[in-house]
Amino acid sequence: MYSAEDFDNAKMRILKYIMYKKRSEYEIRNKFSNTIELELLEDSINYLKEAGYIDDKEYIEKFVNEYKALKNRSIKELKYKLISKGIDKNLQEDYFYNNKEELNEYEIKSATNIILKKKSTIDKEGIKQYLYKKGYKSENINTALEEY
């Protein structure tokens, strides 16, 4: 068993970690599994989840919005990134299903940006292959190619 002081210290360490940058529950467990006793870590994570500081649904939304604003990625690449962050597959599927249209628009815009960057150095077929390898849906690749 641990003391109330240990509990407060563990919560504060985790809070500092997640306030610096939004983290998934999996990332938090990985970071502290060797430095905080397991029972104390579980209780601290549960407390912070109930308080709303750790929320993987919210994490997905912030993560995707950040990528949409800064990078050109396919939906498949976003899913792989979320898997690497330890996000539950069901939470991901719910998010991607509920935001399907918006994400398809983003993927088309992203593909169009890549086409504009690559069109001077690679032919149309080469660009198509590049986008396909990156996980873009073929219908989104075709839409983007039609637009440019």
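Tutor: Start with K134, which is partly exposed, with a relative accessible area of 33%. Keep in mind that this is a predicted model. The side chain of K134 meets that of E77 in a salt bridge, with 3.9 Å from N to O. This pair links distant parts of the chain: K134 sits in the loop between α8 (124–133) and α9 (138–147), E77 sits in helix α5, and the two are 57 residues apart. E77 has a relative accessible area of 16%, so E77 counts as buried, the limit being under 20%.

A search of the whole structure finds nine salt bridges, and the K134 and E77 pair is one of them. Another joins K85 and E27, whose closest N and O atoms are 3.4 Å apart. K85 lies in the loop between α5 (75–84) and α6 (89–98), while E27 lies in helix α2, so this pair ties together parts that are 58 residues apart in sequence. Both K85 and E27 are buried.

Helix α2 also holds E25. The side chains of E25 and K49 form a salt bridge with 3.0 Å from N to O. Because E25 is in helix α2 and K49 in helix α3, the pair ties together parts that are 24 residues apart in sequence. E25 is buried, at 14% relative accessible area, whereas K49 is partly exposed, at 36%. E25 and K49 also belong to a network of salt bridges that includes R29 and E42.

Some charged residues are placed another way. E5, D6, E37 and E39 gather in a patch of negative charge on the surface. Residues in such a patch have no salt bridge. E37 is found in the loop between α2 (25–32) and α3 (38–50), and with a relative accessible area of 42% E37 is partly exposed.

The structure holds six aromatic pairs. F7 is buried, at 18% relative accessible area, and Y47 is partly exposed, at 41%. Together with Y2, F7 and Y47 form one aromatic cluster.

Key:
Residues numbered from 1 in each chain as written. Predicted model: local features only at pLDDT ≥ 70, side-chain atom pairs only at ≥ 80, totals over all residues. Heavy atoms only, no water. Patch = residues over 30% accessible without salt bridge, like charges linked within 9 Å, V, L, I, M, F, W, Y side chains within 5 Å. Areas by Shrake-Rupley, 256 points an atom, 1.4 Å probe, with all protein chains shown as cover. Salt bridge = Lys/Arg side-chain N within 4 Å of Asp/Glu carboxyl O. Lys, Arg positive; Asp, Glu negative; His and termini not counted. Charge placed at Lys NZ, Arg CZ, Asp CG, Glu CD. Helix = DSSP H or I, 4+ residues; strand = E, 2+ residues; numbered from the N terminus. Buried < 20%, exposed > 50% of the residue type's maximum accessible area, 1.4 Å probe, protein only. Phe/Tyr/Trp six-rings, centres within 6.5 Å; stacked < 30°, edge-to-face > 60°.
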